[in-house]
Amino acid sequence: MAKLWGGRFQKNTDKKVDDFNSSIRFDKRMYKQDIKGSIAHAAMLGRQNIIPKEDSAKIIAELKNILRDIENGKIEFEIDAEDIHMNIEKILIERIGDAGKRLHTGRSRNDQVALDIRMYLMDEISELETMLIHVLNVITDLADEHTETIMPGYTHLQKAQPVTFAHHLMAYFEMFRRDLSRLNDCRKRTNIMPLGSGALAGTTHPLDREFVAQELGFDSVTQNSLDGVSDRDFVIELASCLSMIMMHLSRFSEELILWSSHEFSFVEMDDAYSTGSSIMPQKKNPDVAELIRGKTGRVYGHLMGLLTTMKGIPLAYNKDMQEDKEPIFDAVDTVKLCLPVFCDMLATMTVKKDKMLQGSKGGFTNATDAADYLVKKGLPFREAHAVVGRMVFYAIEHNKALDDLTMDEFKEFSDIIENDIYTAISMDTCVNDRKVIGGPAKAVVENSIKNARNFLNRQ
């Protein structure tokens, strides 16, 4: 097949090179954006009298027909036509002849592909934002049910202080809210139109770039033609945002995996979001959470691949940059696969409140509150810390919890301890006296949930 760019060539491209060079197998997913961009470009060419208005109208009408035919499964793309841009242009020329040959006036595939990928990723960002908002709603609803469910908080995976499950969940709300903010910010740098940059140096034709940008919904146009065709920062930035989302999904999944183990037994995954063993009949494996954790490495790998691809490329466009699409497409697909199943897994799991409360009572999670009790009685904190440290050592030796110690035993460590220590170190007090903004007290968490709902209602 004769190439649209083949005028200066005397030999056909080797078949292996055609296969190697072609990107249609993965960039065909951008057909809507490619056609939408071409329609806006054709409208501008006619409006500026760069091509005859009747040719502009023919091109636009047939591009709409091609879009409809693609969506109805009536068109098969050809590897020999290399990519989605050349495939659509070839079909256009076959259908309307010379008028179709005018479409590419004033543009290059370099700025065309830069346009398509920006438009495609903006559409994907919108879908990802919708999915993240759903995650935030699921977390908020679950937190609302557990403002009184006391559980141990951890540092170094060692029991530290009691919190509530709602407080723990709202920590992830903050993480995913930042992810949503990052996507929104990424969109601002993606929403800049490169069409009109040409191959690298613009064009002598009197293009109206602002008109095309307005037609396509871009905020502005790129200000340097070299940068316009060679910038892929926005792709890398989105890959970074996706990696952060996966990191948060993975951390949460890791905790769910731990909590569903026999040793914790804080939660149980619904049967619909668990799998069994081919040999051990008793097993109920948290495979969904494990797969999310595993797929995180896949998305990280795409980020590193994109950074590595771009690190040594001189200005302007180089064929290396064709390698930007498969990794970002797969990264987006992976995150879009994980978010819905994660939401359903979280919403359907059983929370074992008694086990969480029991877990919070072990490991001396009220030790800090015992020290604070002594501070409020007038003891300097460092002395109080040492006193309670000795109490803990004594309790360990005698296989007791702090609140199991008798008053006589408490008095062995400090004369200022009174009966009110039992109230001060109860789990309920430990949680609900922490009323500082961001703390686990029920009233504080309920206010956080209220603020979260107000935030979500504005989205």
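Guide: Start with the largest pocket: α8 (165-190) and α20 (442-457) each supply at least two residues of its lining. This is a predicted model, where local features need pLDDT of at least 70, side-chain atom pairs count only at pLDDT 80 or more, and totals for chains, interfaces and linings use all residues. Residues are numbered from 1 along each chain as its sequence is written, and side-chain values use heavy atoms, without hydrogens and water.

Visitor: What makes a stretch a helix here?

Guide: A helix is a DSSP run of H or I, at least four residues, numbered from the N terminus.

Visitor: Which residues lie nearest the centre of the largest pocket?

Guide: E174, I437, G438, V444 and S448 do, among 15 lining residues.

Visitor: How do you know that C186 is in no disulfide?

Guide: A disulfide needs two cysteine sulfur atoms within 2.5 Å. A search of the whole structure finds 0. For C186, the nearest cysteine sulfur, that of C241, is 4.6 Å away.

Visitor: Why is C186 called buried?

Guide: Buried means under 20% relative accessible area, exposed over 50%, partly exposed in between, with a 1.4 Å probe and protein chains only. C186 has a relative accessible area of 0%, so C186 is buried.

Visitor: Is C343 buried or exposed?

Guide: C343 has 2% relative accessibility, so C343 counts as buried.

Terms used
1 Å grid on protein atoms, 1.4 Å probe; cavity = no way out; pocket = protein on both sides within 12 Å on 5 of 7 lines; lining within 4 Å.
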